[in-house]
Amino acid sequence: MKNQIALNNVSHYFETPHGRISLFDDLSLNISGQSSLAITGPSGVGKSSLLSLAAGLEPPRDGEISFTCEGQQISIVELRQKSGFIFQQFHLLEELDALGNIALPLRLKGNRKANEIARNWLDKIGLSDRANHKPNQLSGGEQQRVAIARAFVTDPVFIFADEPTGNLDAQTSTGVSDLMFDFAKQTGSALVIVTHSEELAQRAEKCFALSDTGLEQIK
Ligand SMILES: Nc1ncnc2c1ncn2[C@@H]1O[C@H](COP(=O)(O)OP(=O)(O)OP(=O)(O)O)[C@@H](O)[C@H]1O
Ligand SMILES: [Mg+2]
């Protein structure tokens with residue numbers, strides 16, 4: 001497999017003053033590039049935590065996670081450089097306008113064509129006329145389109161999305177999902193989506209349900 005994230009016998013829990021919160025035990029999952037995968041499940045079951053582990057943002061308490069890109073094992077640092085993130089709360093920088101938010105990941109990589117490329121992405125998301133508007137001047141759906149462009153602007157291998165439509169109405173959700181799946185297809189990025197939305201989950205090639213008893217493939 002050229003691009004892959006492999007979780008092998010992973011367990012995760014949190015120690016709190018009131019005792020241990022166990023999320024999952026002995027969980028294994030292969031996420032392969034060039035595909036889309038959704039994880040659903042009830043609130044509090046550990047979906048966001050599982051996504052953090054898969055994205056290398058946090059190490060598991062037990063078990064192993066390996067990241068492969070172009071057939072080579074890569075480090076967590078490299079994985080992050082090859083990944084894009086989309087969140088329920090958009091997480092745009094308030095002080096930057098739409099263009100600045102999209103250009104930021106490219107600027108951080110020292111890309112001199114950051115603005116030019118970001119303008120192209122603004123066009124793709126249909127917000128060319130809002131380039132100089134700050135996030136608080138944009139609707140929720142528009143902010144999420146900017147967040148999606150920002151996630152894809154560096155041509156990432158993996159896109160991790162946590163409830164990307166969680167704050168949007170049904171019609172806006174469909175538009176935002178269309179963009180995510182279209183861009184993933186165009187750029188060849190793998191989509192890993194955590195969602196409560198049955199509709200969004202069913203659009204992914206593979207779908208898993210996380211519950212107290214573990215992870216079960218439902219599609
Ligand atoms: N840093 C932490 N310390 C202690 N407990 C935590 C921490 N992060 C998450 N938890 C707990 O772990 C459990 C799973 O959290 P997680 O956010 O992964 O759930 P989720 O499935 O994404 O839920 P939701 O659908 O509501 O977003 C919850 O009970 C949460 O309170
Ligand atoms: Mg969550």
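What follows is a short tour by topic, from the ground rules to the strands and helices.

This is a predicted model, where local features need pLDDT of at least 70, side-chain atom pairs count only at pLDDT 80 or more, and totals for chains, interfaces and linings use all residues. Residues are numbered from 1 along each chain as its sequence is written, while chains are lettered from A and ligands numbered from 1 in the order in which they are written.

**The nonpolar core**

- The largest nonpolar core has 63 residues, and I102, I148, I159 and V192 touch the most other members. (Such a core is a set of buried Ala, Val, Leu, Ile, Met, Phe, Trp, Tyr and Cys residues joined through C-beta atoms within 7 Å.)
- Helix α5 (residues 140–152) provides the largest share of this core, with 6 residues. (Helices are DSSP runs of H or I with at least four residues, strands are runs of E with at least two, and both are numbered from the N terminus.)
- "Buried" here means that 20 or more other C-beta atoms lie within 10 Å of a residue's own; 12 or fewer makes it exposed, anything in between partly exposed, and the C-beta atoms are placed from the backbone.
- Leaving out residues up to four places away in sequence, I148 touches I86, I125, V176, L179, M180 and F183. (Contact means C-beta atoms, placed from the backbone, within 7 Å.)

**Around ligand 1**

- The shell around ligand 1 is made of F14, T16, I21, L23, G41, S43, G44, V45, G46, K47, S48 and S49. (A residue counts as near a molecule or strand if its C-beta atom, placed from the backbone, lies within 6 Å of it.)
- By type, that shell splits into 4 nonpolar, 7 polar and 1 charged. (Ala, Val, Leu, Ile, Met, Phe, Trp, Tyr, Cys and Pro count as nonpolar, Asp, Glu, Lys and Arg as charged, and the others, Gly among them, as polar.)
- One shell member, I21, is found in strand β2. I21 counts as partly exposed because it has 13 C-beta neighbours inside 10 Å. Apart from neighbours within four places in sequence, I21 is in contact with Y13, F14 and T16.

**The antiparallel sheet**

- An open sheet of 4 strands runs in the order β2-β1-β4-β5, with antiparallel pairing. (Two strands pair if DSSP finds at least two bridges between them.)
- β2 and β5 (72–74) are the edge strands, each pairing on one side only.
- On average, neighbouring strands of this sheet are turned by 35° against each other, direction ignored. (Axes are lines fitted to C-alpha atoms, for helices over the stretch in contact, and angles run from 0 to 180 degrees between N-to-C directions.)
- β1 and strand β4 (residues 62–69) run antiparallel and are joined by 6 bridges; Q4, for one, has T68 in β4 as its bridge partner.
- α1 packs on the sheet, touching β1, β2 and β4, and its direction makes about 130° with that of β1.

**Parallel strand pairs**

- Strand β3 (residues 36–40) is mostly covered, with 5 of its 5 residues buried. Both faces are covered: S36, A38 and T40 are buried on one side, L37 and I39 on the other.
- β3 pairs in the parallel sense with strand β8 (residues 190–194) over 4 bridges, and I39 has V194 as its partner there.
- Strand β6 (residues 83–87) is largely enclosed by the rest of the structure, because 4 of its 5 residues are buried.
- β6 and strand β7 (residues 158–162) pair in the parallel sense over 5 bridges, with A161 in β7 as the bridge partner of I86.

- Helix α3 (residues 98–108) is mostly covered, with 8 of its 11 residues buried. Those buried residues pack against α4 (114–124) and α5.
- After α3 comes G110, whose phi is positive, near 75°.
- T174 is found in helix α6 (residues 170–187). With 16 C-beta neighbours inside 10 Å, T174 counts as partly exposed.
- T174 and I159 are 15 residues apart in sequence and 18 Å apart in space, C-alpha to C-alpha.

Technical notes. Contact = placed C-beta atoms within 7 Å.
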